[in-house]
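Here is a friendly briefing to read alongside the model. Keep the 3D view open and follow the topics in turn.

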Amino acid sequence: MGATIATATGAPHAAILGIGAYRPRRVVPNSAVVDAIDSSDEWIQQRSGIKTRRWADQDESVQMMSVEASRIALERAGLDARQIDCIVVATVSHLLQTPAVATAIAHELGTDQAAAFDISAACSGFCHGIALASDFVRAGSARHVLVIGVERLTDILDLTDRGTAFIFADGAGAAVVGPSDTPGIGPVVWGSDGEQFDLIRQREDWRDVVGSPEAPGSGVMPHLVMQGNPVFRWASFAMAKIGQQALDRAGITLDDLDVFVPHQANMRIIDAMARAMKLPAHVRIARDIADQGNTSAASVPLALDRMIEEGEARSGDTALLIAFGAGLSYAAQVVRVP
Ligand code: COA
């Protein structure tokens with residue numbers, strides 16, 4: 001028989017200790033995108049609720065936006081970067097296959113000890129990261145975890161594609177997860193539906209782009225494409241059930257809920273989910289998409305940060321986070337607002 005292996009012991013509970021956000025400087029109105037897609041400000045507002053979006057300038061890289069958001073989250077958590085044991089970065093727009101941007105972020109923040117890695121779960125990446133962080137803290141794998149959701153989707157956006165050009169945008173959000181005496185992060189409800197793999201995807205394979213000397217590739221930057229209609233139907237109805245399951249698993253009723261922070265995919269999806277879940281009038285709903293656009297992995301932390309900044313979400317409030325997107329993949333959990 002082999003030797004007994006010791007196991008780690010973590011904190012009784014985990015909670016979000018601080019949130020930070022970085023919004024790119026450039027505000028892009030619908031009028032700037034309509035010509036290339038033969039659309040109109042009215043159509044975009046009516047179908048998506050988006051009035052303006054934030055697009056990153058050259059210097060606003062995935063790393064730069066992440067570091068800025070993280071510094072704010074760390075300050076609000078009252079922690080120094082050297083107290084972070086693990087950094088999880090959710091992104092699909094860090095354009096190096098390897099290494100992970102997380103290690104560069106750790107270095108720039110001033111810690112070269114933290115475990116640091118990226119995860120790829122598209123728009124649901126941040127909620128996946130919060131689930132991992134909560135379990136790391138409770139299992140003793142890490143004491144403080146920095147979870148970052150960041151995208152520079154404009155790098156992979158086809159500005160002539162009618163289904164995506166007006167929707168996607170750039171930004172970063174970060175959360176510090178750490179030990180807590182009381183439960184601050186409920187059980188995650190997560191899953192995937194790979195049968196729908198092609199609904200939202202990078203159109204070109206990197207090999208098609210580069211090719212080989214005998215068969216040169218297209219040389220075209222891979223773009224994000226989406227079959228909007230089925231995504232809309234799936235997100236509006238299936239995801240409301242996942243939200244309810246996350247409430248049930250946390251032992252929370254709709255009456256206990258203060259804040260609803262769904263992925264900022266599209267205003268009509270947000271409204272359809274709120275209706276399908278029968279959210280009571282007192283529940284405050286994140287609607288960051290109107291002037292931020294859909295920032296995929298960054299959308300939930302950006303939306304929560306804004307609600308905190310504007311006093312719509314207060315410290316101690318009970319919030320339902322739910323995110324969904326390419327894969328298809330999804331994750332939801334109830335959290336206490338820091
Ligand atoms: N501007 C103007 N008209 C457009 C358009 C655009 N960008 N894109 C499509 N249209 C037109 C079509 O040509 C079509 O016209 P027709 O009726 O004369 O044939 C009509 O609008 C409907 O096209 P359709 O593709 O069925 O659009 P839709 O009603 O599904 O709306 C979306 C498109 C993208 C707004 C919608 O599918 C959607 O919101 N999907 C969810 C997307 C989302 O949130 N994804 C994020 C998940 S992470």
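Asp288 has a relative accessibility of 2% and so counts as buried (buried means under 20% relative accessible area, exposed over 50%, and partly exposed in between, with a 1.4 Å probe and protein chains only). This is a predicted model, in which local features need pLDDT of at least 70 and side-chain atom pairs count only at pLDDT 80 or more, while totals for chains, interfaces and linings use all residues. Residues are numbered from 1 along each chain as its sequence is written, and side-chain values use heavy atoms, with hydrogens and water left out.

**Salt bridges**

- Side chains of opposite charge can pair when their charged atoms come close.
- The structure holds 20 salt bridges, each defined as a side-chain nitrogen of Lys or Arg within 4 Å of a carboxyl oxygen of Asp or Glu.
- Asp288 pairs with Arg306 in one of these salt bridges, and their closest N and O atoms are 2.6 Å apart.
- Because Asp288 sits in the loop between β12 and α8 (289–292) while Arg306 belongs to helix α9 (residues 299–309), this pair ties together parts that are 18 residues apart in sequence. Helices (H or I, at least four residues) and strands (E, at least two) are DSSP runs, numbered from the N terminus.
- Arg306 counts as partly exposed, at 22% relative accessibility.
- Salt bridges with shared partners link Arg23, Asp288, Asp291, Arg306 and Glu310 into one network.
- Another salt bridge is formed by Asp57 and Arg25, with 3.8 Å between the closest N and O atoms.
- Asp57 is in the loop between β3 (52–55) and α2 (62–77), and Arg25 is in the loop between β1 (13–22) and β2 (26–29), so the pair ties together parts that are 32 residues apart in sequence.
- Asp57 is partly exposed, with a relative accessible area of 25%, and Arg25 is partly exposed too, at 46%.
- Glu204 and Arg203 also meet through their side chains in a salt bridge, at 3.0 Å from N to O. Of this pair, Glu204 counts as buried at 13% relative accessibility, whereas Arg203 is partly exposed at 37%.

- Five of the five residues of strand β4 (residues 86–90) are buried, so the strand is largely enclosed by the rest of the structure.
- Cys86, Val88 and Ala90 lie on one side of β4 and Ile87 and Val89 on the other; all of them are buried, and both faces are covered.
- β4 runs parallel to strand β5 (residues 115–119), and five bridges join them; two strands pair if DSSP finds at least two bridges between them.
- Cys86 has Ala115 as its bridge partner in β5.
- Together with helix α3 (residues 101–109), β4 and β5 make a right-handed β-α-β unit (right-handed if, with the strands pointing away from the viewer, the path from the first strand over the helix to the second runs clockwise).
- β4 is also joined by five bridges to strand β6 (residues 145–152), and these two run parallel. Here the bridge partner of Val88 is Val147.

- Strands β11 (residues 259–262) and β13 (residues 318–325) run parallel and are joined by four bridges.
- Leu320 in β13 is the bridge partner of Phe260.

**The largest pocket**

- The largest pocket has a volume of about 850 Å³. On a 1 Å grid over the protein atoms alone, a pocket is an open set of points where a 1.4 Å probe fits, with protein on both sides within 12 Å along at least five of seven lines, and lining residues have an atom within 4 Å of a point. Grid points are joined across faces, edges and corners, and the volume is the space filled by probe spheres set on the points.
- Of its 29 lining residues, Thr91, Val92, Ser120, Gln202 and Trp206 are the closest to the centre of the largest pocket.
- β5 and β9 (200–202) are the elements that give two or more residues to the lining of the largest pocket, and β9 gives the most, with three residues.
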